Amino acid sequence: METRRITQERNTKETRIRLILDLDSPKEPQIDTPVPFFNHILNSMAFHGGFFLQINASGDIDVDPHHLVEDTGLVLGDALREAVMSYGSIQRFGHSVIPMDDALSEVTVDASGRPFLVFNADFPQEYAGSFPLCLLKEFFTALSTRGGLTVHGSCRYGDNSHHMAEALFKALGKALGQAFIRKQGNPASTKGSLHE
Ligand SMILES: [Mn+2]
């Protein structure tokens with residue numbers, strides 16, 4: 001069966017992002033952005049999701065990593081949407097709850113074509129390294145909007161913000177991995193189609 005490999009590129013005055021997503025290849029992720037903690041959690045997301053992800057990104061992080069994080073979410077969302085448009089039916093739903101030491105985080109995805117985000121995270125430390133954790137909601141918003149994904153993400157509890165965020169991204173990876181497993185036959189909708 002044809003492998004679902006998607007390339008997306010987005011260049012603006014703020015950021016330059018090139019992304020390759022291969023939903024049918026669990027090769028080692030290749031994440032290269034100038035934001036180390038963001039690389040760390042994207043790598044965890046793809047690894048545990050069981051899909052190949054290559055991201056090469058640069059941008060105006062001297063202003064704030066906000067643009068880079070948000071735009072990466074947009075581009076990943078575009079790639080996931082493209083996967084459904086170009087390659088057809090998927091399982092649609094995915095859910096994962098992941099512990100990391102003190103932390104427990106959870107993500108549920110419906111790749112329905114309808115963007116909606118519910119995001120609950122109350123981080124005890126504002127930063128992981130130098131990374132402002134408030135940007136994670138921006139990433140999830142961008143991903144949900146452009147991917148046509150309903151996403152519910154929760155950091156249920158934890159003492160360490162790094163653990164909470166990392167568990168959240170592992171859960172996101174696993175939930176996406178499940179939702180984007182191929183489905184034989186008709187689309188997983190009683191309406192008969194997704195993304196119409
Ligand atoms: Mn870590």
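A crossing of two helices is called left-handed if the near helix is turned anticlockwise from the far one by less than a right angle, and right-handed if clockwise. With that convention in place, I can say that α3 passes α4 in a left-handed crossing, where helices (H or I, at least four residues) and strands (E, at least two) are DSSP runs numbered from the N terminus.

Before going further, some caveats. This is a predicted model, in which local features need pLDDT of at least 70 and side-chain atom pairs count only at pLDDT 80 or more, while totals for chains, interfaces and linings use all residues. Residues are numbered from 1 along each chain as its sequence is written, and side-chain values use heavy atoms, with hydrogens and water left out.

Back to the helix pair. The axes of α3 (residues 135-147) and α4 come within 12 Å and cross at roughly 15°, the axes being lines fitted to C-alpha atoms, for helices over the stretch in contact, with angles from 0 to 180 degrees between N-to-C directions. That makes α3 roughly parallel to α4, a label for angles under 35 degrees, as against over 145 for roughly antiparallel, 65 to 115 for roughly perpendicular and oblique for the rest. In this pair, L136, F139, F140 and L143 of α3 make the contact with A165, L168, F169 and L172 of α4, contact meaning heavy atoms within 4.5 Å.

Which residues coordinate the manganese ion? They are H40 through NE2, H162 through NE2 and E166 through OE, at 2.0 to 2.2 Å, where donors are N, O and S atoms within 2.8 Å of the metal (3.2 Å for Na, K and Ca), and the site may look incomplete since water is not among the atoms. The donor spacing in sequence is H-x121-H-x3-E. Distant parts of the chain are linked here, with H40 in helix α1 (residues 36-49) and E166 in helix α4 (residues 161-179), 126 residues apart. H40, at 33% relative accessibility, counts as partly exposed, whereas E166, at 7%, counts as buried; buried is under 20% relative accessible area, exposed over 50% and partly exposed in between, with a 1.4 Å probe and protein chains only.

Finally, the backbone. Most residues other than glycine have a negative phi. R92, in the loop between α2 (66-87) and β5 (93-100), has a positive phi near 90° and is buried at 11% relative accessibility. D101, in the loop between β5 and β6 (103-110), has a positive phi near 50° and is exposed at 67%.
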